[in-house]
Amino acid sequence: MLSPWAIMGDFNCLYPDERTGSPVLIREILELSSVFQNCNITDIPFSGFKYTWTNKREDSARIFCKLDRVSCNIHWMQSYPASHAIFLAPGVSDHCP
């Protein structure tokens with residue numbers, strides 16, 4: 001059996017619905033989405049804020065994105081089925097903790 005592993009960090013959007021205020025272009029997500037799909041990487045279930053980054057601008061110039069994620073291979077979810085990520089409210093940073 002392959003080893004379970006998880007990765008977390010600041011990734012670009014993977015899907016078109018992961019940004020508000022500015023549309024996601026297919027060319028922006030194609031490469032990373034392909035890697036996730038080809039390597040069978042999936043996000044660990046999460047709660048809290050979907051959009052984990054903002055440009056902190058005002059009104060119509062504000063953009064929200066899902067950039068921060070905790071992802072894993074299938075062996076991780078089989079070994080640790082209760083895994084769950086929590087994205088807290090943003091503070092002074094432009095990313096949610």
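The legends below describe close-up views of one predicted protein model. Residues are numbered from 1 along each chain as its sequence is written, and side-chain values rest on heavy atoms, with hydrogens and water left out. Because the model is predicted, local features need pLDDT of at least 70 and side-chain atom pairs count only at pLDDT 80 or more, whereas totals for chains, interfaces and linings use all residues.

**View 1**
The secondary structure of the protein comes to 2 helices and 8 strands, where helices (H or I, at least four residues) and strands (E, at least two) are DSSP runs numbered from the N terminus. Read along the sequence, these elements follow the pattern β-β-α-β-β-β-β-β-α-β. Taken along the principal axes, the C-alpha atoms fill a box of roughly 50 × 30 × 15 Å. Of the 97 residues of the protein, 32% count as buried; buried means under 20% relative accessible area, exposed means over 50%, and partly exposed lies in between, with a 1.4 Å probe and protein chains only. Among contacts (heavy atoms within 4.5 Å) between residues at least 6 apart in sequence, 69% join residues at least 24 apart.

**View 2. The surface and the charged side chains.**
The protein has 8 positive and 10 negative side chains, with Lys and Arg counted as positive, Asp and Glu as negative, and His and the chain ends not counted. The centres of the two sets lie 2 Å apart, each charge being placed at NZ of Lys, CZ of Arg, CG of Asp or CD of Glu.

**View 3. The open sheet with the order 1-7-3.**
Three strands form an open sheet in the order 1-7-3, with antiparallel pairing; two strands are said to pair if DSSP finds at least two bridges between them. Strand 1 and strand 3 are the edge strands, each pairing on one side only. Strand 1 (residues 6-10) is joined to strand 7 in the antiparallel sense over 5 bridges, and within this pairing G9 stands opposite R69. Strand 3 (residues 42-43) runs antiparallel to strand 7 and is joined to it by 2 bridges, in which T42 has C72 as its bridge partner and D43 has S71.

**View 4. Strand 7 and its cover.**
Strand 7 (residues 68-72) is mostly covered, with 5 of its 5 residues buried.

**View 5. The open sheet with the order 2-6-5.**
Another set of 3 strands forms an open sheet in the order 2-6-5, and here too the pairing is antiparallel. Strand 2 (19-20) and strand 5 (53-54) stand at the edges with a single partner strand each, so one side of each is left without a neighbour in the sheet. Strand 5 pairs with strand 6 (residues 64-65) in the antiparallel sense over 2 bridges, and T54 stands opposite F64 of strand 6.

**View 6. Salt bridges.**
Side chains of opposite charge can pair when their charged atoms come close. A search of the whole structure finds 5 salt bridges, a salt bridge being a side-chain nitrogen of Lys or Arg within 4 Å of a carboxyl oxygen of Asp or Glu. One of them joins R69 to E18, with the closest N and O atoms 2.7 Å apart; this pair links distant parts of the chain, R69 lying in strand 7 and E18 in the loop between strand 1 and strand 2, 51 residues apart. R69 counts as buried at 1% relative accessibility, and E18 is buried as well, with a relative accessible area of 5%. E28 forms a salt bridge with R19, the closest N and O atoms being 3.0 Å apart; E28 is partly exposed at 33%, whereas R19 counts as buried at 16%. In the salt bridge between E58 and R62 the closest N and O atoms are 3.8 Å apart, with E58 exposed at 56% relative accessibility and R62 partly exposed at 29%. Salt bridges that share partners join E18, D43 and R69 into one network.
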